[in-house]
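Please prepare a briefing on the structure shown below.

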Amino acid sequence: MNDIFTTAAIWLSLALFATVLAYHLKVSIALLEICVGVAAGFVAEKYVGPGALRSDEEWLRFVAATGAVLLTFLAGAELDPVVVRSKIKEVTIVGLVGFFAPFIGCAAVARFALGWSVQSSLLAGVALSTTSMAVVYAVMLETGFNRTEFGKGILASCFVNDLGTVIALGLIFSPFTVKTLVFVAVSGVVLGSLPFTTGIITRIYAHRTAAVRTKWVLLVLFGLGALALWSGSEAVLPAYLAGMALAGTAARDGFWVRRLRTLTIGFLTPFYFLRAGSLVSLPAVAAAPMVFILLLAGKVGTKIFGLFPAIRPFRKDRNERWYYTLMMSTGLTFGTISALFGYSHGIVTREQYSFLVATVIASAVVPTMIANFAFLPKHLIPAPGESGTGDGIVSANGNGESFKDE
């Protein structure tokens, strides 16, 4: 236990350092956590030895995975069903273009420019086709766009994009089996009844039993996550769907969402972002930088050339279009998951895996920094204590925190 607490203290000190640095540099905390993780992993391996940060310990992987699951759930809970329905054409077109453009482009780069095998090239296309829900949602929270129709549209498009990635990974490398059918059937029943069952639990036990809703949501997320992993899928997919199912509940009780967000952002997600950065092998990337550059240019370039024209009919302001495009050009969660899947199943080598992960993480940092520094649509940022609904602003429920039990 002493080793676990010592490791946790080291990682949280890195998280605190990243937070302070992000404040002074005026950049996203999530991005700084990734960058600090890269630097810490390199320094620890060079001067202490391989595995010095213990990134692969089971407890740390669990905490990091839980952070990704809860962050994805919160992203889904932020989606206003009314806004999504009104934007169904936009999110479908943007999401599908955001998947197909880099999937085809990056697979072609890996196959014809780098000489990878067909299977390795397809895996590269899948891994680099993603949009990072975790990074995008973290940035939306910091800017306040999560409360606007602009931000909700981006989040919904991210979901469609990543859904395409999950389906492609399953169809190409993990054919559907009976387990998949069981997962889909059980998830459908659970998610379909989730608003009703959550409503009953809230009416009977909320404000009387400590954090009963949080325990219930965690039970659902872990249960569906275990079922997803058993079927060959990923735990973050049902988490997003569960968040969407409870979007109405979340909208009615902002205090509960804030408490859950504090647990997630304050404790869990730093482990996820720091660990993602620590997995990058800088020496491997430095040994063949052109491979990294080609993959990064392929991912971001195909995203931009595909998405910018697709977004034009829906966003007239130039900064809004560029910001939307660059946010959709990020990658992290499903990208690293896909790369790890390929490495674990012998589809890509360790060197190819390192290049893919480095590219995915760089795509989380570079487009987001450019978007926030050069194209931030400041006119859409809601004032503190207000909720944006398109170009207008409506009053929210207030800023006070509730200290009552649920």
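The briefing below is arranged by topic.

The model is a predicted one. Helix α8, residues 149–173, takes part in a contact with α17 and in another with α16. Helix α15, residues 289–311, packs with helix α18, residues 350–374.

**Packing of α8 with α17**

- Helix α17 covers residues 333–344, and its axis comes within 11 Å of the axis of α8, with a crossing of roughly 10°.
- Because angles under 35 degrees count as roughly parallel, α8 and α17 are roughly parallel to each other.
- On the α8 side the contact is made by D162, T165, V166, L169 and F173, and on the α17 side by F334, S338 and F341.
- The contact of α8 with α17 has five nonpolar residues, two polar residues and one charged residue.

**Packing of α8 with α16**

- Helix α16 spans residues 318–328; its axis and that of α8 come within 10 Å and cross at roughly 35°.
- This crossing of α8 and α16 is right-handed.
- F150, G153, I154, S157, C158 and N161 are the α8 residues of the contact, and they meet E320, Y323, Y324, M327 and M328 of α16.
- Sorted by class, the contact of α8 with α16 has seven nonpolar, three polar and one charged residues.

**Packing of α15 with α18**

- The axes of α15 and α18 are 9 Å apart, and the two helices pack at an angle of about 50°.
- The two helices, α15 and α18, are therefore oblique to each other.
- The crossing of α15 and α18 is right-handed.
- From α15, the residues V291, F292, L295, L296, K299 and V300 meet F355, L356, A358, T359, A362, S363 and P367 from α18.
- This contact of α15 with α18 divides into 10 nonpolar residues, two polar residues and one charged residue.

- Helix α1 has 24 residues, and the distance from its first C-alpha to its last is 34 Å, close to the 34 Å expected at 1.5 Å a residue.
- The buried residues in α1 are T7, A8, W11, L14, A15, A18 and A22.
- These buried residues of α1 pack against α2 (29–47), α3 and α13 (254–278).
- Just after α1, K26 takes a positive phi of about 60°.
- Helix α3, residues 58–77, has 20 residues and reaches 28 Å between its first and last C-alpha atoms, close to the 28 Å expected at 1.5 Å a residue.
- Of the 20 residues in α3, 15 are buried, and the helix is mostly covered.

- T7 is placed in α1, which runs over residues 2–25.
- Because its relative accessibility is 7%, T7 counts as buried.
- Apart from residues up to four places away in sequence, T7 touches L53, R54, W59 and L60.
- R54, one of the residues that T7 touches, is placed in the loop between α2 and α3.
- R54 has a relative accessible area of 32% and is therefore partly exposed.
- Most residues other than glycine have a negative phi.
- The phi of R54 is near 55°, a positive value in a residue other than glycine.

**V97**

- V97 lies in helix α5, which covers residues 88–113.
- With a relative accessible area of 24%, V97 is partly exposed.
- When neighbours within four places in sequence are left aside, V97 is in contact with P102, G306, L307 and A310.
- V97 and I381 are 284 residues apart along the chain, and their C-alpha atoms are separated by 26 Å.

**R261**

- R261 is placed in helix α13.
- Beyond its neighbours within four places in sequence, R261 is in contact with L74, E78, Y137, L141, N146 and G266.
- A separation of 24 Å lies between the C-alpha atoms of R261 and L227, which are 34 residues apart along the chain.

Key: Residues numbered from 1 in each chain as written. Predicted model: local features only at pLDDT ≥ 70, side-chain atom pairs only at ≥ 80, totals over all residues. Heavy atoms only, no water. Axes fitted to C-alpha atoms, helices over the stretch in contact; angles between N-to-C directions. Helix = DSSP H or I, 4+ residues; strand = E, 2+ residues; numbered from the N terminus. Parallel < 35°, antiparallel > 145°, perpendicular 65-115°, else oblique. Contact = heavy atoms within 4.5 Å. Nonpolar A, V, L, I, M, F, W, Y, C, P; charged D, E, K, R; others polar. Buried < 20%, exposed > 50% of the residue type's maximum accessible area, 1.4 Å probe, protein only. Left-handed = near helix turned anticlockwise from the far one by under 90°. Expected span 1.5 Å × (residues − 1).
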